[in-house]
Amino acid sequence: MSEETEEEKRPQLSHQEALSMVEKGISRIIATDPLLADLPDGVTLEELNSLLALEQGRAMTLFVKRADGLVYDIIIEQKTNVLDLKKAIRRYVTTKLEREGKKRTISWRYVWRIYWLYFEGQKLMNDHYLLKDYGIGNNSEITFIKRLRVK
């Protein structure tokens with residue numbers, strides 16, 4: 001008779017079950033670690049990398065203010081352009097809605113057609129300009145302003 005190996009004795013898990021176990025384990029670690037306890041449930045790898053970059057001085061926090069007064073705190077790399085900021089805003093809003101359990105679809109093409117990002121009297125019109133070219137630095141406040149139609 002052959003003896004079963006240790007691997008054969010272990011119950012086989014589906015991919016989804018294994019993923020769920022890992023997520024629960026990570027959540028437990030985050031909840032009990034004093035340095036990580038303020039992270040939200042279901043924190044993404046991208047969010048962790050952004051927070052690490054912020055701690056290391058490679059990133060900055062921008063406050064993006066909507067027309068209704070709601071403010072998003074966006075963490076973004078120092079050497080980034082306007083297009084990357086728009087993508088970061090999109091990721092932030094999408095993640096926020098998912099965490100709140102809201103099933104909404106936002107047409108970002110519509111948002112960028114109707115609104116400008118605005119910083120200290122300047123419209124961030126060129127997606128390829130670096131944020132530092134507009135004078136944007138850590139803790140800067142950027143607002144959404146409605147585009148005016150030109151007839």
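A contact here means heavy atoms within 4.5 Å. With that cut-off in hand, here is a friendly look at the fold, bearing in mind that this is a predicted model. Among contacts in the protein chain between residues at least 6 apart in sequence, 51% join residues at least 24 apart.

**Overall dimensions**

The C-alpha trace spans about 85 × 35 × 25 Å along its principal axes. Its radius of gyration is 21 Å, whereas a compact globule of 151 residues would have a value near 15 Å. Of the 151 residues, 25% count as buried. The chain exposes about 11,600 Å², and carbon and sulfur atoms supply 52% of that area.

**Helices and strands**

The protein chain holds 5 helices and 5 strands. The strands form an open sheet with mixed pairing, in the order S2-S1-S5-S3-S4. Strands S2 (71–77) and S4 (122–123) stand at the edges; each has a single partner strand, so one side of each is left without a neighbour in the sheet.

| Helix | Residues | Strands involved | Angle |
|---|---|---|---|
| H3 | residues 45–55 | touches S1 (59–65) and S2 | about 115° with S1 |
| H4 | residues 82–99 | lies across S1, S2, S3 and S5 (141–146) | about 130° to S2 |

**The nonpolar core**

Which residues have the most contacts inside the largest nonpolar core? They are Leu85, Ile89, Leu117 and Leu124, in a core of 23 residues. S1, S2, H4, helix H5 (108–114), S3 and S5 each supply at least two residues of this core. H4 gives the most, with 6 residues. As general background, nonpolar side chains tend to be buried together in soluble globular proteins.

Leaving aside residues up to four places away in sequence, Leu117 touches Val64, Leu85, Lys86, Ile89, Trp112, Gln122, Lys123, Leu124, Ile142, Thr143 and Phe144. Among these partners are Leu85, Ile89 and Leu124, which are also listed with Leu117 as having the most contacts inside the core.

Methods:
Residues numbered from 1 in each chain as written. Predicted model: local features only at pLDDT ≥ 70, side-chain atom pairs only at ≥ 80, totals over all residues. Heavy atoms only, no water. Pairing = 2+ DSSP bridges. Helix = DSSP H or I, 4+ residues; strand = E, 2+ residues; numbered from the N terminus. Axes fitted to C-alpha atoms, helices over the stretch in contact; angles between N-to-C directions. Core = buried A, V, L, I, M, F, W, Y, C linked by side-chain atoms within 4.5 Å. Buried < 20%, exposed > 50% of the residue type's maximum accessible area, 1.4 Å probe, protein only. Rg over C-alpha atoms; globule rule 2.2 N^0.38 Å. Areas by Shrake-Rupley, 256 points an atom, 1.4 Å probe, with all protein chains shown as cover.
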